[in-house]
Every structure is written in C-alpha cells, then in structure tokens.
Amino acid sequence: MRQLQRGMENDKKLKHWGRLQYGLFLKGAGLSLEDALLFFQKHFTAVTGEQFQKEYAYSIRHMYGKEGKRTNYTPYSCSKIILGNAPSAGHHHGCPFKHYDADHLTSLLQTLKIGDSKQRAEIVNLKKSNHYQLACLKHFEVMHPGANTMDSVSMDDLGNHPNSWFRSSVEYKEAMTLATNVS
C-alpha cells in the first residue's frame with residue numbers, strides 16, 4: 001500500500017487496478033465513503049475537480065456499494081493481489097514481494113530503510129524462493145521488533161491480508177505508546 005501511496009503522490013492519480021486495490025484497502029482500514037472521495041480528490045491533482053467527479057467518483061462510490069450493482073466489495077487478500085493482474089509500466093498495484101525483481105525489491109527495502117542488510121537479504125531470499133507471504137511476514141517482524149511476543153498484537157492472518165498487516169501494525173504502535181507512557 002505504501003507503493004500505491006507513493007505512486008499516487010508521484011503521478012497525481014492512480015490507474016484502475018491501483019485505485020481498486022488501494023481504495024478497498026482504505027475502506028477496510030475504516031475510511032468512510034465521504035473521506036475516501038475527499039482523500040482521492042485531494043491527491044488526484046493531475047485532474048480538475050470536474051474531471052474527478054466524471055471519471056473517478058463513480059468508481060469510488062461503486063467500491064462502497066453505492067453505485068452499479070450495489071455490491072459491498074471487500075478489500076483484496078494477499079493471494080488475490082499476488083495472483084491478480086500483474087502491474088505493468090506506470091502501474092503501482094500488486095505485491096512488491098511477488099511483482100518486483102530481487103534487485104528492485106532490495107533497492108526499495110534499502111530506500112525505505114527497512115532492516116539491516118542481513119534482514120533485507122532474508123526478505124529477498126524468501127521472495128526468490130516464491131514465499132511472498134513469508135517475505136511480507138518477515139518484513140513485518142523487522143518493522144515491528146518483538147511484536148510476536150506481545151499479547152496485545154494479533155499476528156493472525158499476517159501475510160495473508162494487507163488489512164491484517166495494517167491492524168497488527170496499529171496494535172503494535174498502540175502497545176509501544178502505552179509502554180512508553182507507563183515507563
């Protein structure tokens with residue numbers, strides 16, 4: 001999701017699959033329809049307000065079940081993202097552990113200052129072995145040291161759903177804040 005956010009900030013918009021993947025993730029994270037419309041319109045500065053309403057607002061309302069066949073869509077799981085439409089040039093959707101080559105993934109992890117070189121190598125080796133979800137789990141563990149020993153952090157479904165990763169990350173941050181405030 002970080003790559004989708006960065007892509008949107010760079011391109012000032014997202015293409016269809018990126019909007020769908022990111023929009024449903026944000027919905028699953030608790031973003032209301034109204035806030036989603038405001039969020040995307042604020043970031044889609046490559047288009048005018050009128051263009052946004054004509055070309056993008058409908059699809060966002062559709063994701064929330066307010067347009068079209070009124071299906072209340074759920075966020076994509078990791079397997080759907082991994083097995084779904086692969087990104088091509090100019091697209092930012094997909095799973096970095098699946099869709100990036102090892103060099104690009106290594107560079108990304110380094111740029112984002114994720115772990116030390118040994119930890120990054122472990123993540124990349126899991127990717128090379130086609131263990132994308134384990135690479136994601138290792139990424140979580142590197143970013144959230146000690147999370148797997150905290151009772152207040154649910155590790156369930158981590159590596160299987162981006163929203164689980166997000167919820168566990170929020171729980172970790174809250175536990176760390178609480179521990180800091182207690183000390």
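**Entry: ground rules**

I am reading a predicted model, in which local features need pLDDT of at least 70 and side-chain atom pairs count only at pLDDT 80 or more, while totals for chains, interfaces and linings use all residues. I number residues from 1 along each chain as its sequence is written, and side-chain values use heavy atoms, with hydrogens and water left out.

C78 is in no disulfide, and its nearest cysteine sulfur, that of C136, is 5.4 Å away. C95 is likewise in no disulfide, and the nearest cysteine sulfur to it, again that of C136, is 6.6 Å away.

I take buried as under 20% relative accessible area, exposed as over 50%, and partly exposed as in between, with a 1.4 Å probe and protein chains only.

I placed C95 in the loop between helix 5 and helix 6, where helices (H or I, at least four residues) and strands (E, at least two) are DSSP runs numbered from the N terminus. Leaving aside neighbours within four places in sequence, C95 is in contact (heavy atoms within 4.5 Å) with I81, I82 and Y100. The C-alpha atoms of C95 and I82 are separated by 6.0 Å, although these residues are 13 apart along the chain.

**Entry: helix 1**

**Entry: pockets**

For pockets I used a 1 Å grid over the protein atoms alone: a cavity is a set of points where a 1.4 Å probe fits but cannot get out, a pocket is an open set with protein on both sides within 12 Å along at least five of seven lines, and lining residues have an atom within 4 Å of a point. Grid points are joined across faces, edges and corners, and a volume is the space filled by probe spheres set on the points.

I find 32 residues lining the largest pocket, with M1, R2, C136, H139 and W165 lying nearest its centre. Helix 1, helix 2, helix 5 (78-83), helix 6, helix 7, helix 9 (132-143) and helix 10 (162-182) are the elements that each give two or more residues to this lining. I sorted the lining by class (Ala, Val, Leu, Ile, Met, Phe, Trp, Tyr, Cys and Pro as nonpolar, Asp, Glu, Lys and Arg as charged, and the others, Gly among them, as polar), which gave 21 nonpolar, 10 polar and 1 charged residues.

The second largest pocket has a volume of about 250 Å³, and of its 15 lining residues Q3, H91, H92, Y100 and H104 lie nearest its centre. Helix 1 and helix 7 are the elements giving two or more residues to the lining of the second largest pocket, and helix 1 gives the most, with 4 residues. By class, I count 5 nonpolar, 9 polar and 1 charged residues in this second lining.

**Entry: core**

Apart from neighbours within four places in sequence, F44 is in contact with M8, K12, K13, L14, R19, F52 and Y56.

**Entry: loop residues**

I noted 30 Å between the C-alpha atoms of K69 and R2, which are 67 residues apart along the chain.

K113 has a positive phi of about 55 degrees although K113 is not a glycine; I place K113 in the loop between helix 7 and helix 8 (117-128), exposed at 70% relative accessibility. N130, also not a glycine, has a positive phi of about 65 degrees; N130 lies in the loop between helix 8 and helix 9 and is exposed at 51% relative accessibility.

Key
Disulfide = S-S within 2.5 Å.
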